[in-house]
Amino acid sequence: MIAPIIVDLQLNINMELFFKQVLLLFVLLNPFFLSIYLIDIIHELKSQHFFQVTFRASLISSVVFIFFAIFGDFFFRYIIQARFASFLIFGGIVFLIIALKFVSSGVEAMRVFRGKPEYLESSIAMPFMIGPGTVSASIVIGNNLTKYNAVFAILTAMGLTVFCLGIFKLIFDHLKKNNERLIARYLDIVGRSMALITGTIAVEMIVKGIEKIFISTQ
C-alpha cells in the first residue's frame, strides 16, 4: 500500500514542478504585454493572416527555446565561456529598462522595438518572444525537467500564448469600431500594470544571478 502512495506523491510533485515551469515561461512571454507590443499588427492584419503570422513566430521561438533548454548550459559553459548567472543579470537589466520605460511612457515607449512589416514572423519572434528573460527561463526549464518534459512545457506555454493573442485579436476586432477610446485606455492601464510585474521579475532575475555568482565564489 505504501508504494502506490509514494508513486502518486512523486507524480503530483512532478506535475506541480511541470506547471510551475510552464507558468514561468508563460508569464515572461506575457500575451497581454505582447498584445500591446503588437497593437499595430493586430490593428492592421486580418484575423486569418494574424493567426498564421503569430503561429509561425511561435514555431521559430519554440525551436530557440528548446535548443537552450537542452543545450543551454553547454552553450554558455563551453561555446561562449560565460556563466549563466551573467546572462541572468543581463537579461534582468534589459527587462528592467523596458519595464521602466513602459511605466513612465506607456505604449509609446515600445514603438522603437517594432520591426519591418515584410518580416513579420521574425520581427515578432525576435524582439518580442525571444529575449534574455525567456531564454533564461528556457534554460531553467531544461535544468528542472527531463528533456521530453522540458520540450512539452515549452510547447504548452507557447500554445497558451498564441491562444491568448488570438483571443485578444478577436476581442479587438469586435470592439475597435465603436470603442477605440476604451481600447486606448485599456492598453495604457494594462500596459503600465504589466510593466510592474515585468519589472519585479527583472529584479528577481538580477538577484538570482548575483546569488549564483556569490555561491560559486565561496
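## Helices α4 and α8

In this predicted model, helix α4 (residues 47-79) packs against helix α8 (residues 147-175). Their axes lie 10 Å apart, at an angle of about 160°. Axes are lines fitted to C-alpha atoms over the stretch in contact, and angles run from 0 to 180 degrees between N-to-C directions. Helices are DSSP runs of H or I, at least four residues long, numbered from the N terminus. The two helices are therefore roughly antiparallel (an angle over 145 degrees).

Which residues of α4 meet α8? They include Ser47, Phe50, Phe51 and Ile70. Among their partners in α8 are Lys147, Leu155 and Asp173. Contact means heavy atoms within 4.5 Å.

## Aromatic pairs

The whole structure holds nine aromatic pairs. Rings of Phe, Tyr and Trp (its six-membered ring) pair if their centres lie within 6.5 Å. Planes under 30 degrees apart count as stacked, over 60 as edge-to-face, and the rest as tilted.

Phe18 and Phe152 are stacked, because their ring centres are 5.4 Å apart and their planes meet at 20°. Phe18 sits in helix α1 (residues 2-29) and Phe152 in helix α8, 134 residues apart. Phe18 is buried, at 8% relative accessible area.

Phe50 and Phe51 pair edge-to-face, with 6.1 Å between centres and 65° between planes. Phe50 is buried at 0%, whereas Phe51 is partly exposed at 33%. Buried means under 20% relative accessible area, exposed over 50%, and partly exposed in between (1.4 Å probe, protein chains only).

## Reading the model

Residues are numbered from 1 along each chain as its sequence is written, and side-chain values use heavy atoms, without hydrogens or water. Local features need pLDDT of at least 70 and side-chain atom pairs count only at pLDDT 80 or more, while totals for chains, interfaces and linings use all residues.

Conventions. Angles under 35 degrees count as roughly parallel, over 145 as roughly antiparallel, 65 to 115 as roughly perpendicular and the rest as oblique.
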